[in-house]
Amino acid sequence: VTYARVGRLCKYDLGGQTRSPSSGHFQTFSEARLLCPTTSGRDQFQFNNLEFTSVITGNDGEVYIYGLFRTAKPADNLLAVCRYSLTEIEKAFSNDKYYEISGSTMKIVTAAAYDSRHKTCNASLNTKANTHENYKEYKKRLIHVSVVSPDGGKLVITRNHSTIKDMLAESVTIANKSYDIVRLFDSKMVYELFVPTSFFKEKTGKTILSVRKISEEPLTVMDVAKIKFTGVESPVASLSVPTSAATTANKVDISSTPKPSSTQRSSESASSPSATMTGNLTTTSNRQMLGNLSTTSPNTSSDHETTASPSTKRVPAVPTTLGTSAKPRTAASVSLSSSWDRYIGQERIIVAAKERLLFVPIASCGALTCRECIEAKTPYCAWKNGHCVQLNATENGAYKQDIEHGDYSKLCPKVNATCKLVQLNKLIPRAGVTLQCSPAGVPTARVSYWSKDDKRLSNNSNEGVIINGGELKIRSYTPATAGKYTCHVINNGTSNSCSVEIP
């Protein structure tokens, strides 16, 4: 059986008694189970496979951990996201009740007086005072009885999706409203989950899900991070990786400090021109990422993507023995030659894929029509003064949004009804013919009726004509089928039509 757990270890742990078999073993490690349950009911179960985590500092100053879980069944595509506060995690570890496991038996015991896990973790901690006999008892008691429940006692979202490759969370303020944003990345899309602060306090709290395409071709996503360009030193830019031989470059550090940051409007990703400059970066990242990443000559694609060759991402294991833990990853850098001046003062999501490196805008609002802007259902985008704009942290002007329903018909300027009529298949004697009518307009336009040679058609399967809203099917193409077919559309007092001729 698989269970998701969180572990804790005091950094001042120097191992057990000197010259004893336990001298090279930690004395302060323990685990507590993470719960991520479905909603209560007869079929309630736990999501036990923890795949990704992302750490943020909320607008309230608390540290939170988001986790993406799956069920224990490999064939099950169901995933869930839960949030945990560091305060609640620390409460679970402060409990002195443990499961003692010896062979096939298990019982609940109280921590012994010598147990270093319940002493203050500072430089005065003396784990060398623990004898080897103490250690033999301690290692039977690694799992706390206390569990860590998700904030609000509920999961944030559950969804059927088999190909999520990574996640990245951050805490933001948009138009004076506080959100956590959880971004889930697959090979082509980013699913952005906006979680209002009130969600965890209200029984009926709602989240907002918005979806954006980040690539036309499938990508093998290796890592993600959020960066902000904060300064310029010279006209030449190259971010370099300390570990790989690449082009001559200045180094730009990427540190992993979770902290809230404001959003900036922008649109493009890193480009291929060989002008150079250095840009200092700060980042909000779920890992120290992009390690061992160097670039070859950048592509000159319309998406301004940069070809990259990242290393395999490694998940560090929890150390249980002194001297065997892997060295912590140093803050990484990115190596690429490009013109960075357009990015100063802006933020981007870096997606490090095996195929290339993408710089994804925080939001994609600028080129949207009113309908697209409202239907995007993202707190970042709003219709204002005839344009789709990206809202900043303190926006309080007059703007239009419907982030819950995406109903543009009540918010966008009126647009007269129009339509487009297409024939979906080739004309083959005795075969069926399908016509598809697509109405448009604000408020929403709809198909009113169909006609042939200016005579109204009715839905009559006996005569081989089947009408279903914007679709007209002719069961069998014969000489009698020939004629001019017209789709008539209406919206809020306006009407229009579109036609196609069948020979």
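D453 sits in the loop that links β24 to β25 (455–456); strands here are DSSP runs of E with at least two residues, helices being runs of H or I with at least four residues, and both are numbered from the N terminus. This is a predicted model, in which local features need pLDDT of at least 70 and side-chain atom pairs count only at pLDDT 80 or more, while totals for chains, interfaces and linings use all residues. Residues are numbered from 1 along each chain as its sequence is written, and side-chain values use heavy atoms, with hydrogens and water left out.

Although D453 is not a glycine, its phi is positive, at about 50°. The hairpin of β24 and β25 has two residues between the strands, and D453 is where the positive phi occurs. With a relative accessible area of 41%, D453 is partly exposed (buried means under 20%, exposed over 50%, and partly exposed in between, using a 1.4 Å probe and protein chains only).

## The partners of β24

β24 runs antiparallel to β25, and two bridges join them; two strands count as paired if DSSP finds at least two bridges between them. In this pairing, S451 faces R456 of β25.

β24 also pairs with β28 (residues 483–491), again in the antiparallel sense, over six bridges. Here Y449 has H488 as its bridge partner in β28.

## An open sheet of four strands

Now for a sheet: four strands make up an open, antiparallel arrangement in the order β22-β23-β27-β26. Its edges are β22 (415–423) and β26 (465–468), each of which pairs on one side only. From one strand to the next, the twist averages 15°, where axes are lines fitted to C-alpha atoms (for helices over the stretch in contact) and angles run from 0 to 180 degrees between N-to-C directions.

I467 is placed opposite L472 of β27.

What kind of peptide bond joins V442 and P443? The bond is cis, with omega about 0°. P443 belongs to the loop between β23 (433–442) and β24 (446–452).

N385 has a phi near 55°, a positive value in a residue other than glycine. Is N385 buried or exposed? At 70% relative accessibility, N385 counts as exposed.
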